[in-house]
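Dear colleague,

Please find the structure below, handed over for your study.

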Amino acid sequence: MAVHRIPLLLQARCSFWKLLGCGKNGSFDLQPDLQQWGLLSVWDSQEDFDLFYSRSFVSRWWRAFTEEQWTVFCSPLETRGKWDEKEPFKPVVADDDYDGPVAVLTRATIRLSRIKRFWSNVGRVSDLMSSADGYVFSLGIGEAPVFKQATFSVWRSAKEMKLFAYSSAEHLDVIKKTRNENWYSEELFARFKPVGSFGSLKGRDPLKEFLNS
């Protein structure tokens, strides 16, 4: 990851990027998965990404050293908050009529004084999410262990995602605690429409059946 920072800095048409580690169990997790890594990037156009993917040092490295890669393209439906004091996804007005497959990114920088409270509460919500109606998959990702954490999840429909987010007593309780106890120094929530994907994750493309139906 350290090696990849320099070539990414030189990508003029990539307006935002983060090199990310992954957790073991699909959401916030203290145990890292040392075989799985992620890159989140925002591009000016599909053509700019295609050029990066076909020619860059980073993509050549991936092809040389990875046994599996998965890429998903997303268009923002709703976004609020900041990441390193930036608004990376160009905030848009929420599209309340859309109810197709939806991807959700939640990330936060946890205050050092609230780390113990955070980790003692998030595990039960992660367990509930993986068994919720409409859940497809999730990845625990982060810029730094313990205090810079994120989850990227995909849902069969926006309706089912919202049902879990706003009807689960446990999830609502954790949301309330984050506000009342001021857990985060910075946070971001983004909801996306998946518009394409290729490659595989654990042997399959998790979005293939939804994007081709």
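Which residue's side chain meets that of Arg-107 in a salt bridge? The partner is Glu-186, with 3.1 Å from N to O. A salt bridge here is a side-chain nitrogen of Lys or Arg within 4 Å of a carboxyl oxygen of Asp or Glu.

Before I continue, please note that this is a predicted model, in which local features need pLDDT of at least 70 and side-chain atom pairs count only at pLDDT 80 or more, while totals for chains, interfaces and linings use all residues. Residues are numbered from 1 along each chain as its sequence is written, and side-chain values use heavy atoms, with hydrogens and water left out.

Salt bridges

Arg-107 belongs to strand 4 (residues 102-110) and Glu-186 to strand 7 (residues 184-199), so their pairing ties together parts that are 79 residues apart in sequence. Strands (E, at least two residues) and helices (H or I, at least four) are DSSP runs, numbered from the N terminus. Arg-107 is buried at 3% relative accessibility, and Glu-186 is buried at 15%. The term buried means under 20% relative accessible area, exposed means over 50%, and partly exposed lies in between (1.4 Å probe, protein chains only). Both residues also belong to a network of salt bridges that links Lys-18, Asp-84, Arg-107, Glu-143, Lys-148 and Glu-186.

The count of salt bridges comes to twelve. Among them is the pair Arg-156 and Glu-160, at 2.5 Å from N to O. Arg-156 is partly exposed at 44%, whereas Glu-160 is buried at 18%. Another joins Glu-78 to Arg-80 at 3.0 Å, N to O; Arg-80 is partly exposed, with a relative accessible area of 44%.

Seven strands form an open sheet in the order 2-1-5-6-4-7-3, with antiparallel pairing. Two strands pair if DSSP finds at least two bridges between them. Strand 2 (32-43) and strand 3 (70-81) are the edge strands, each pairing on one side only. From one strand to the next, the twist averages 30 degrees; the axes are lines fitted to C-alpha atoms, for helices over the stretch in contact, and angles run from 0 to 180 degrees between N-to-C directions. Strands 1 and 2 run antiparallel and are joined by eight bridges. Trp-17 has Ser-41 in strand 2 as its bridge partner.

Aromatic residues

The whole structure holds 20 aromatic pairs. Rings of Phe, Tyr and Trp (its six-membered ring) pair if their centres lie within 6.5 Å; planes under 30 degrees apart count as stacked, over 60 as edge-to-face and the rest as tilted. Trp-43 is buried at 16% relative accessibility, and Phe-49 is buried at 8%. Over the face of Tyr-53 lies Arg-63, at 6.0 Å from the ring centre; a charge sits over a ring if NZ of Lys or CZ of Arg is within 6 Å of the ring centre and within 35 degrees of the ring normal.

Arg-13

Arg-13 is found in the loop between helix 1 (2-9) and strand 1 (14-23). Leaving aside neighbours within four places in sequence, Arg-13 is in contact (heavy atoms within 4.5 Å) with Val-42, Trp-43, Asp-44 and Asp-48. The C-alpha atoms of Arg-13 and Phe-49 are separated by 8.5 Å, although the two residues are 36 apart along the chain.

Yours sincerely
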